[in-house]
Amino acid sequence: MDEFKTPCDEIVLGKRAFDEKPAPPPRLNEWVSAARTHRPHKQGEPVKIRRDLLRTSHIFCRGRTRCGKTATTVLPVYRQALRPCTVAWQTADGQQCERTDRSAIIVIDLKGEKSFLNSCKRMAEQAGRDFKFLTTDPERTWSFNPMSSFRGDIQDAPRAGTGLLTAMQLDLGGGYGAAYFTTQTLALLYEVCTHLSLIKLSGRQPTIDDAIRYVKKNARAAPKDSDQLISILTLLSFYPQLQPAVDDPFVIDFKEAIARRQVVMVSVDALNQGPMARLFAGLALHATLSAATAIAHEREGDPSPGPHTLCIIDEFHHIVGKSLRDLLTGSAGVGLTFALSCQTSETLKQRFMDLNDTVRDNCAVKIYHTAYGDDIDELQSYSRETIRPLGSRKVDADIRFFGLQALAPETETDRIERQLTVREIQEVSATPNRCFVLLDDEIEPIPTDTFFAESYAEHLASAAAPIPKSPSTRLAQPEAAETAGSPQPRPHWLAAHLSSEKSPVHAARLERLGRLLKSLKSELA
């Protein structure tokens, strides 16, 4: 479509629902920037953000369930992010350069809605993008090896171990008991990652089975808190899509996806499969960050902007944790930015941790579809102060209440309060497809009428269509037995450690074992 070929240097979030209120006059000795004295915006004008802001900062969207966050905010941002944009930079000698580039997009949907997946797939195909998806259903997914992010460098084991600790939600935080178990698990993960890095260095992709075998073999020799780690790895090994075959062409490689500006979607159902959904999402997020970091390190010394990755996480409160603070503060440095959505501010409050301030301070664009309780106070804190006159005192009206004080000279009274009132916030929250948009370059919250990224007929088609089946025949249909009398062979993913990609030493051992078994069978016969 021509729409997706035209560069898009601005992201439109909607139209202004009302005329902008005029700025209140400055009080005595109050400093006001002259740049803020612009013409008030009118109703119907577009509310938009610069595309380069999307490459350097984050978006946060909040609203109660079924208020239209995904349909009127997440999908429109996703659709416009599929279009190319102009990237400019300055060389060391002062020369201005620019190019047209696209953003890689990673979507993590923790609701697992098939309509959202199908809509993202249709839009990506219309834009000419490669679309790959990961689900918990082995028959309707691509493959993904969560242990493939190792660089084959032993010095990289601490980084990989810390990332896996966070992805598997084994970071229990500080405190006397929590810090002890976290340190024990992290020490074991360092050893596991060193072992997996050596496997990667030998030319073979490490797998979950490699990690399980190493932990079971070395847990007694070096007793650590390994039970939970083994349990998580064992759970992951039950999913064939997480242990792809060596020659499987339908494997998600996040580093390749970023380099080739592909679209990858992780669709998991946190409502019915909470623990596994969080594991899938955490591993995908860890792989995305590792890939973006590796690409950024490979480009050291190159003054041109590197590839940008937009990671959209719908209902991100399911995987919220201490690592979110580090992600939001440091991920933009490696070209990774986020568009986050959740329901209320309470979902960001956990035991010993409140991430509302972290999200508020690190997101340049904040969108409120609904506001209740603390959200109202937060919205008003962004509004300007204004002086509201309360009228004059008169003797005939006030003598009953003020007594002799009412006989004093007539006076004018006023009160300083926020320009955005509670009633206005309630009106916007109660109106469908209307929200408040807060931008860093705008002082006042903007009441905005949002729009749908697809027609109602397209939405119905996406909701009715099933999730596409797995393109890999190994996941969709197990290999049939060679003869009717022979036993059913093991799936390829269970026998990955017996494949031909083993090192020559292991291959020679397997060959000797085969000859020994053959000679034993001939003797017994």
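**Entry 1. Terms and model**

I take a residue as buried under 20% relative accessible area, as exposed over 50%, and as partly exposed in between. I note at the outset that the model is predicted.

**Entry 2. Salt bridge between D101 and R99**

I looked up D101 and found its side chain in a salt bridge with that of R99, at 3.2 Å from N to O. I then checked how open each partner is. R99 has a relative accessible area of 25%, so I record R99 as partly exposed. D101, at 8%, is buried.

**Entry 3. Salt bridges in total**

How many salt bridges does the count come to? I recorded 26.

**Entry 4. D375 and R62**

I looked up D375 and found a salt bridge to R62, with the closest N and O atoms 2.7 Å apart. I then placed the two partners: D375 belongs to helix α12, residues 374–381, and R62 to strand β3, residues 58–62. They are 313 residues apart, and the pair links distant parts of the chain.

Are these two residues buried or exposed? D375 has a relative accessibility of 3% and counts as buried. R62, at 1%, counts as buried as well.

I also asked which residues are linked in a network of salt bridges with R62. I found D375 and E378 there, joined with R62 in one network.

**Entry 5. R384 and E444**

I examined R384 next and found that its side chain meets that of E444 in a salt bridge, at 3.3 Å from N to O. R384 lies in the loop between α12 and β14 (385–392), while E444 lies in the loop between β16 (434–439) and β17 (446–449). The pair therefore ties together parts that are 60 residues apart in sequence.

I checked accessibility for both partners. R384 has a relative accessible area of 15% and is buried. E444 is buried too, with 11%.

**Entry 6. Positive phi angles**

I located R66 in the loop between β3 and α2 (69–81). R66 has 69% relative accessibility, so I list R66 as exposed.

R261 is likewise not a glycine, and its phi is positive at about 55°. Where does R261 lie? I placed R261 in the loop between α8 (254–259) and β8 (263–267). Is R261 buried or exposed? With a relative accessible area of 17%, R261 is buried.

**Entry 7. Cysteines**

I searched for disulfides and found zero in the structure. I looked at C61, which is in no disulfide; the nearest cysteine sulfur to that of C61 belongs to C67, 6.8 Å away.

C61 counts as buried at 2% relative accessibility. C67 counts as buried at 14%.

How values were computed
Residues numbered from 1 in each chain as written. Predicted model: local features only at pLDDT ≥ 70, side-chain atom pairs only at ≥ 80, totals over all residues. Heavy atoms only, no water. Salt bridge = Lys/Arg side-chain N within 4 Å of Asp/Glu carboxyl O. Helix = DSSP H or I, 4+ residues; strand = E, 2+ residues; numbered from the N terminus. Buried < 20%, exposed > 50% of the residue type's maximum accessible area, 1.4 Å probe, protein only. Disulfide = S-S within 2.5 Å.
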